Amino acid sequence: MKAVVYTQPGLPIQDPQSLYDAQLPTPQPGARDLLVEVRAIAVNPVDTKIRASRGGEQPQVLGWDAVGVVREVGPQVTLFQPGDEVFYAGAIDRPGSYSELHVVDERIVGHKPRSLDNASAAALPLTSITAWELLFDRLGVEENGGKNQSLLVIGAAGGVGSILVQLARKLTQLTVIGTASRPETQAWVQEAGAHHVIDHRESLAPQLEALKLGPVDYVISLTHTDTYLPQLVEVLRPQGKLALIDDPAQLDVMPLKRKSLSVHWELMFTRSLYKTEDMIKQHQLLDRVSQLVDDGVLKTTLGEHYGTINAEHLKRAHAMIESGKARGKIVLEGF
């Protein structure tokens, strides 16, 4: 099967060996696995982070967002059958989806939204899981809850922010404030449903005060948390909650003590990494997101379509992700 691979970690994306086209054997599904014919993928920051840090003698396959059609099922599969259209984000400890055929555990797979084409659907799985778990599992916000409370999202124009703002606006009563620094990204966040958009290049507290928003109850920081942390402590209400997904080199949480602030870390791969008892919740979550899309409540966060799935186009996508200027999700479609 066709695949895009690499072996040596840490190469600059311009290097011919940073990502290259290859032929690999067809993977075989395990007991609860699906063998999926990949139709479209999306590129995430985790792809670039793994490429920078993890390699091996054998070709490594990245990719943790996919849409495809089930071709085979393992003997213990109960949720899907051949021919089903699916979407999912996969598991970080297994080969990724930059390949024509891909094996994935059924418990972290959802039925693709019927109302979306493959590329539009590919933009959603990883970020939807991350955003949902941040809001409802980590912070403990209840659906239709959050009345008279507020949520500040740092870096709201990226992949996770784009769906998080929608979820918070559509499924809760929170006042949603997103940050973005350029006119086009500010407009993107506004369109996603934020009540207010502020600039994270400027001091946050004065902007919130100018909007008469006062201290916020929740902050979800999606980027540069260590840089923003003093400001986040300042703008959070006493006993507020901070959630994050990025990888700061250091994070001094002592300043949170005075306000009794709590910290919540989110990694959407935790359930699949540890085969937790509630692993199937990601299947249920994705099916719920799919239904919300088909009902017109949520919309795709596709930002740009980079063409067919090959090394040249994926290198361009990685370069854009590494630039920090991506808006929404970058997708590729077909081999």
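Leaving aside its neighbours within four places in sequence, with which residues is Leu-135 in contact? This is a predicted model, and in it the partners of Leu-135 are Gly-140, Val-141, Leu-151, Leu-164, Leu-167, Ala-168, Thr-172 and Leu-174.

Leu-135 belongs to the largest nonpolar core, a set of 93 residues. Together with Leu-314, Leu-135 has the most contacts inside that core. Strand E3, residues 33–43, supplies the largest share of this core, namely 8 residues. The core also draws on two domains: at least three residues come from domain 1 (1–125 + 268–331), and at least three from domain 2 (138–264).

I turn now to the aromatic residues. The count of aromatic pairs comes to 2. One of them joins Trp-64 and Phe-269: the ring centres are 6.3 Å apart and the planes stand at 75 degrees, so the pair is edge-to-face. The cut-off behind that label is an angle over 60 degrees. Where in the chain do the two partners sit? Trp-64 is in the loop between helix H1 (45–53) and strand E4 (66–73), while Phe-269 is in the loop between strand E13 (262–265) and helix H8 (270–274).

Arg-316 lies over the face of Tyr-306, at a distance of 3.7 Å from the ring centre.

Finally, the backbone. Which residue has a positive phi of about 60 degrees although it is not a glycine? That residue is Lys-212, in the loop between helix H6 (204–210) and strand E11 (216–221). Lys-212 counts as exposed, because its relative accessibility is 76% and the class begins over 50%. Ser-260, likewise not a glycine, has a positive phi of about 55 degrees. Ser-260 is found in the loop between strand E12 (236–244) and strand E13.

Thank you; I would be glad to take your questions.

Note on methods:
Residues numbered from 1 in each chain as written. Predicted model: local features only at pLDDT ≥ 70, side-chain atom pairs only at ≥ 80, totals over all residues. Heavy atoms only, no water. Core = buried A, V, L, I, M, F, W, Y, C linked by side-chain atoms within 4.5 Å. Buried < 20%, exposed > 50% of the residue type's maximum accessible area, 1.4 Å probe, protein only. Helix = DSSP H or I, 4+ residues; strand = E, 2+ residues; numbered from the N terminus. Domains from an automatic or database assignment. Contact = heavy atoms within 4.5 Å. Phe/Tyr/Trp six-rings, centres within 6.5 Å; stacked < 30°, edge-to-face > 60°. Lys NZ or Arg CZ within 6 Å of the ring centre and 35° of its normal.
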